[in-house]
Amino acid sequence: MRAGWVVALAAVAGLLTFRDYGVTWDEPGHHAHGLAAARYYAGGFRAPTSAPEYTMYGAAFDLPASVLAEASPAGRWPTRHLFNFAIGLLGLAGAAAVARRLGGEAAAGWAALLLALVPGWWGNMFNNPKDVPFATGYVWATAWLLDMIAAPAITWRLALGFGAVAGLAMGVRAGGILLLGFLAVIAAVRAARGDRGAPLRAAAAAATAWLVMLACWPQAQHDPFRWPVEVVVNFVGHFDHTPTVIFLGHIIRTDELPPDYIPRYLAFTLPELLVLLLPLAAWQGLRRPGAGFLLVAAAALVPAAAAMGLRTMLFNGIRHLMFIIPPLAALAGVAAARGLAAL
C-alpha cells in the first residue's frame, strides 16, 4: 500500500463531496479574522481589527482562506472548505511522512489510510479552520525533527526548514511553541554527542519559527514575546468562561473534567483498528527503542499528559488535541506494517 494512492483517493472523495459540508459556528468569525488581517497588511501594519477572541490566533490559515474565498467564483464557504480540505490532505501526507521515516513506505501507506478513516479528522478537514491546519503543521514539523535525528549533523537546511514549518504551525496556534521544546532536547543530545554546531543551528531554527509566526499574527507583532506566551499560558490554564460538555451521560463543566476524559474520548472516537494497533506500536517501540520512536511518541503523548495533569479546559470533544491524532496514526501505521511483515 502506497501513501500516494491513499492521498489521491482521498482527494477524489473530497472533490466529489466538499460542497456537502455545512458551516461551523466559528467559521464566520474566522473568515472575518482573515479579512481583518488582510486589511492590516494592506493598510501598512495598522493596529489589528479582529474581534478580541480571534486575536489569540495567527492568520496563517485564515488570511489566504478568506482572500481566496472572497475572490472565488465558487462561493465563500465552498472555497474555504476546499482550501481547508487541501490542508487536511497535507496532514495525511504528513502522517505518512512521519511513518515513512520510522518504518518505510508500507508504514506510510497504513498511516495515511488510518488517519483518513478517523471520522473526526475527515469531517474536520473541510470546515475546521484552526485544528486541522495546526495539526498539519505540527506533524510536518515532527517529520523535520525526525530528519534532524537521522542526519549526521543538524544542517542549516534542516534548521531553516523546520523553522519555517513550525512557524506556520505557530502562526495558526501558539501551542506550536511545544515544538521548540522538542527541538531543544534534540539539539542538546546532538551537542552532547559532538555536534558542536547543533546549538547555534537550533537557535536559528527557533528564531526562524518565531519570525514566521509573527509574520502571520498581527496582534503578536505589537507584543512579540509576551503575547504569544500569555496566550499559551491562558489556554493551558483557564479561559474566562466555562462551557459544559456531556460525558458518560453527565453534563460536566470543562474546568472539572475527570482525569480519564482524554483517553476515554480517544477510545470512543478513534477507529477500532487504530486503537488496537497502538498497544502493538508501544510493544514494538519498547522492544526496539529508538530516538525517532521516542520523538513521535512524545509528540502524541506529552500534550495529552500535560492537558490531563494541568486540568486544561477542553470542549467539543478533544478538538483542542486533534493535533496528536496524526502522530498516533503514524505510530499505528508502523505497527501495522511491521506486524504484517512478521506474519
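Which residues of helix α6 (residues 119–127) are buried? They are Trp121, Trp122, Asn124, Met125, Phe126 and Asn127, where buried means under 20% relative accessible area, exposed means over 50% and partly exposed lies in between, with a 1.4 Å probe and protein chains only.

The views below come from a predicted model, in which local features need pLDDT of at least 70 and side-chain atom pairs count only at pLDDT 80 or more, while totals for chains, interfaces and linings use all residues. Residues are numbered from 1 along each chain as its sequence is written, and side-chain values use heavy atoms, with hydrogens and water left out.

View 1. The buried residues of α6 pack against α1 (3–17), α2, α4, α5 (105–116), α7 (131–150) and α16 (325–342), where contact means heavy atoms within 4.5 Å. Helices (H or I, at least four residues) and strands (E, at least two) are DSSP runs, numbered from the N terminus.

**View 2. Aromatic pairs.** Rings of Phe, Tyr and Trp (its six-membered ring) pair if their centres lie within 6.5 Å, and planes under 30 degrees apart count as stacked, over 60 as edge-to-face and the rest as tilted. By this rule the count comes to 14 aromatic pairs. In one of them, the ring centres of tyrosine 40 and tyrosine 41 lie 5.1 Å apart and the planes stand at 75 degrees, so this pair is edge-to-face. Tyrosine 40 is buried, at 4% relative accessibility, whereas tyrosine 41 is partly exposed, with a relative accessible area of 24%. Phenylalanine 61 and phenylalanine 83 form a stacked pair, with 5.2 Å from centre to centre and 25 degrees between the planes. This pair links distant parts of the chain, 22 residues apart, since phenylalanine 61 is in the loop between α2 (27–42) and α3 (62–71) and phenylalanine 83 is in helix α4 (residues 76–103).

**View 3. Lysine 130 in the loop between α6 and α7.** Lysine 130 is buried, with a relative accessible area of 5%, and lies over the face of tyrosine 57, at 5.4 Å from the ring centre. A charge sits over a ring if NZ of Lys or CZ of Arg is within 6 Å of the ring centre and within 35 degrees of the ring normal. The side chain of lysine 130 also makes a polar contact with the side chain of histidine 30, at 3.1 Å. A polar contact is a pair of N or O atoms within 3.5 Å; within protein, one must be able to donate a hydrogen and the other to accept it, and residues adjacent in sequence count only if both atoms are side-chain atoms.

**View 4. Histidine 320 in the loop between α15 (291–309) and α16.** Histidine 320 is buried, with a relative accessible area of 4%, and its side chain makes a polar contact of 3.4 Å with the side chain of arginine 319. Leaving aside neighbours within four places in sequence, histidine 320 is in contact with Asp131, Arg173, Phe235, Met313, Leu314 and Phe315.
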